[in-house]
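Student: I'd like to learn how to read a ligand site in a model like this one. Could you walk me through it?

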Amino acid sequence: MSMKRIVTVASLAVLLIGVAQCTAGPNVPALKDVFKDHFLIGGAPNRSVVTGRDPNAAAIAEKHFNTITPENDLKWQRIHPLPDRYNWEPADSFVAFGEKNEMFLVGHTLVWHSQTPRWVFQDEAGDPLTRDALLARMKDHITTVVGRYKGRIKGWDVVNEALNENGTLRDSPWLRIIGEGSEDKRYDFIEHAFRWAHEADPDAELYYNDYNLETSRAKCDGAMAIVKHLQSKGIRIDGVGIQLHGGLTYPSVEGLEYAITSLAATGVKVMITELDIRTQARGYRGADVGRVNRAGTDDPTAATAETQKKLAEKYAEIFSVLLKHEKDVTRVTFWGIYDGRSWIGGSPLLFDRDYQPKEAFFAVVKAAGQR
Ligand code: G3I
C-alpha cells in the first residue's frame, strides 16, 4: 500500500472514530456532571426504561441523570387500581433502577384529581363517600404507599395540581367531599395529605406540584397561599414543584423569575419538576392530558432546523434563568427521557427519536459553561 493510501485510510479511520464517539457518547458530556455544582438533574422514565425493554433510553438516564420521577407508575390508578389491590411491581422496578444508579428518587403523586379511580370517592352502593370515609381512604393509601418505600423514595409530590388558573382551589372530589363547601375546611385535604405523608416517612421531603405557575401569577400566588397555610399550621412542606410544560414562546423570563423568587421567599425549595417545551406553534397551553389529542400533538415542523434552533434558544433562556437562581432551585427534571416517548408529541426534549442529543442539549450545556 502506498504511503498516500495509508495516510488516507488512517485519516478516514480517525474521522469515523470521531463520528462514532460523537453519537455514541464519550464526547457528549453527562448533564449530571455539567450541573453538579448547580442542581440535581433528572428525567421521568416509564416502565420500559426501568425494566430494560428500552435500553437506549435507560442508557441516557444512567449517563445523564442523578434523579428520576416515574412518569406514571406511582399514580393511584396504576398502583392501587382496586380497593384491596396494590400493583407494586412497576414501582418496585422504578425504585430498583434508581437505587442501582444511586439516584435521588421522587414519588409522583399521592393526591390528584386525575388518574384516580372512581371507586376512591364512592361507597359500595356507588354514592359519594362521606368526608370521614374519604379521609380514611386517603390515609390508608398514603400510609401504605409512602410506607413501602420509606427511606428509599426521598421526596414526594404529595398533592398535585390542586389549583385553578386564577389561584383558587380546583373543584375536585377531594375538595368537594373533604372541604364540605366550608371556608375553614378548604385546605383540609391538603393538610391531611401532608401530615400523613410525613408520618409515614418522617425523613422524606414533601412537595406541592403544579403547572402554569410560571405563566399565571394568580396561580403562583395560589401555590404560595398553600405553602403559607401549611406553614402556619406547623405542617411540613419542603418544596414547590414548578412543572414547566413550556412552549417555543413561553414562559417569559419575567414569569419564570416571578415564580421562582416568590415561591422561594416563602422559605421552601423550588424545583422544576416536569420540564419540556412543546414545539407545536398552536394549541392548548397546559398540562391536562385530557386536552391533548393525537392530532393536536402532531408536529410536521418538529425536525426542521428552524424549529430546532428555536427550541435550543428557549431551553438556553430557561436554563440561564435557572442558573441565575440556582440558590433557590434544587432540582430540574425533564418530563420523559427522549422525544420518542414524550406525552406531548413533537420534539420537546433534549434527545431525539433516535436517542441522539439535539441542538437544545448542547445549548443547555453551553448555558452552564457561561455561568
Ligand atoms: O399504558 C397504557 C396502554 O396499555 C394503553 O394501551 C393506552 C391506551 O390509551 O394507554 C396507556 O396509558 C397511557 C399512559 O399515559 C402511558 O402512555 C394513559 O392512557 C395516559 O392517560 C397516560 O398519560 C399520562 C398522563 O400524565 C395521565 O396520567 C402521561 O403519560 C404523563 O406524561 C402525564 O403526566 C402528567 C403528570 O403526571 C402531571 N402533570 C402533567 C403531566 C402531563 O399531562
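Tutor: Happy to! Keep in mind that this is a predicted model. Let's begin with polar contacts, where N or O atoms pair up within 3.5 Å. Here, a polar side-chain atom of E71 is 2.5 Å away from a ligand oxygen atom.

Student: Where does the ligand sit?

Tutor: In the largest pocket. There are 16 residues around the ligand, and those coming nearest are E71, H108, E161, E274 and A287.

Student: How does the shell around the ligand divide into nonpolar, polar and charged residues?

Tutor: Five are nonpolar, six are polar and five are charged.

Student: And what is the mean pLDDT of the chain?

Tutor: The mean is 93, with 93% of the residues at 70 or more. Residues 6–24 are another matter: pLDDT stays under 50 there, and the model gives this stretch eight contacts beyond four places in sequence.

Student: How should I treat a stretch like that?

Tutor: Where pLDDT is low, predicted coordinates should not be read in detail.

Definitions and conventions
Residues numbered from 1 in each chain as written. Predicted model: local features only at pLDDT ≥ 70, side-chain atom pairs only at ≥ 80, totals over all residues. Heavy atoms only, no water. Near = heavy atom within 4 Å. Polar contact = N/O pair within 3.5 Å; in protein donor to acceptor, adjacent residues only side chain to side chain. 1 Å grid on protein atoms, 1.4 Å probe; cavity = no way out; pocket = protein on both sides within 12 Å on 5 of 7 lines; lining within 4 Å. Sits in = over half its atoms within 2 Å of the grid points. Nonpolar A, V, L, I, M, F, W, Y, C, P; charged D, E, K, R; others polar. pLDDT = per-residue confidence, 0-100. Contact = heavy atoms within 4.5 Å.
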